[in-house]
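Please look at the sequence and the model first, and then read the points below.

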Amino acid sequence: MTGVILAAGDGVRFSTSTGHDSCKALNKINNKYIIQFALDNLVELGITECVIVVGHFSDIVRKTLSDNYRGIKISYVEQAERKGVINAFVCALESINNEGYIVLQLADEIFSDFDAENIKSFVSDEQYDFYCGITIEENEVKIKANYSVETEGNNLLKKCIEKPEKVVNNIKGTGFCIFDNDCVLSLKEIYNETENMPCDLCDYLNYLVESGKKGLCLRVAKKEFNINTYEDLNEATRYFSVTRG
């Protein structure tokens, strides 16, 4: 497996909430960079190679992390223009020569009690074409800020809805997903940079389902924090100060 971490965002909402321009992924929670949470997940999964997609804060991210983290070899890819999650993912894929699974993560997403062993057990069975990471969330506002997930028999992905107006269950989609080689190849074939389609993660996941790919909705952690504002950062800091999870 190869890891891909998306860290190219400008972080406008975060900078606005703090009052100054700063790299969101390099803010700290209990003396740990936010992006290190994503890297630690890869370590737990036994992954030894990772591509980080960088943009506005490219130089500082490269300088801070260098080319190795706890045995993970890190390479970097520049996203020339901010055209969304899928554009950033495609940028990374161009530099990966790998026929195994690709593990996608967001640099500003943090998990508590990340369940690496459960994830590895499902992936090793190779019964699914892709895996959509989910958490169980009782706060509808949190789901509406991310994306909702509808399932069918045996937790197969049926549909994703980006920032839904109505929430029908307590399943919250995350930026943690795993794709096999065929899914990755299909994305390269259909992606149209001029039209910027597909744009967001839900577009891509829904396309995979519609094209007959089998995706498992897999609970990857007890809790997820998506850091968009300074208040989000404070909320996560308070939580991890208590749980140390």
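Helices H4 and H7 are roughly perpendicular to each other (the class for angles of 65 to 115 degrees). This is a predicted model, in which local features need pLDDT of at least 70 and side-chain atom pairs count only at pLDDT 80 or more, while totals for chains, interfaces and linings use all residues. Residues are numbered from 1 along each chain as its sequence is written, and side-chain values use heavy atoms, with hydrogens and water left out.

**Helix packing**

- Helix H4 covers residues 85-93, and its axis lies 11 Å from that of H7, at an angle of about 110°. Helices here are DSSP runs of H or I with at least four residues, strands are runs of E with at least two, and both are numbered from the N terminus.
- Axes are lines fitted to C-alpha atoms, for helices over the stretch in contact, and angles run from 0 to 180 degrees between N-to-C directions.
- The crossing of H4 and H7 is left-handed, a term for a near helix turned anticlockwise from the far one by less than a right angle, with clockwise giving right-handed.
- H7 (residues 181-190) also meets helix H8 (residues 201-210), where the axes come within 11 Å and cross at roughly 110°.
- H7 and H8 are likewise roughly perpendicular to each other, but their crossing is right-handed.

**Helix H9**

- Helix H9 has 14 residues (230-243), which should span 20 Å at 1.5 Å a residue, and the distance of 20 Å between its end C-alpha atoms agrees. The expected span is 1.5 Å times one less than the number of residues.
- The buried residues of H9 are Asp232, Leu233, Ala236, Tyr239 and Phe240. Buried means under 20% relative accessible area, exposed over 50%, and partly exposed in between, with a 1.4 Å probe and protein chains only.
- Viewed down the axis of H9, these buried residues fall within an arc of 130°, so they line one face of the helix. The arc is that of the directions from the helix axis to the C-beta atoms.
- An α-helix has 3.6 residues a turn, so residues three or four places apart point the same way.

**Contacts across the sequence**

- Asn27 sits in the loop between helix H1 (12-18) and helix H2 (34-44), and its relative accessibility of 19% counts as buried.
- Asn27 and Leu233 are 206 residues apart along the chain, yet their C-alpha atoms are separated by 8.5 Å.
- Ile52, in strand S2 (residues 49-54), is buried with a relative accessible area of 0%.

**Cysteines**

- The structure holds zero disulfides, a disulfide being a pair of cysteine sulfur atoms within 2.5 Å.
- For Cys183, the nearest cysteine sulfur is that of Cys177, 10 Å away, and Cys183 is buried at 0% relative accessibility.
- The sulfur of Cys199 lies 11 Å from the closest cysteine sulfur, in Cys202, which is too far for a bond. Cys199 is partly exposed at 27% relative accessibility.

**Positive phi angles**

- Most residues other than glycine have a negative phi.
- Ser66 has a positive phi, near 60°. Ser66 lies in the loop between helix H3 (58-65) and strand S3 (68-69) and is partly exposed at 39% relative accessibility.
- Asn154 also has a positive phi, near 60°. Asn154 belongs to the loop between strand S8 (147-152) and strand S9 (156-162) and is exposed, with a relative accessible area of 70%.

How values were computed:
Angles under 35 degrees count as roughly parallel, over 145 as roughly antiparallel, 65 to 115 as roughly perpendicular and the rest as oblique.
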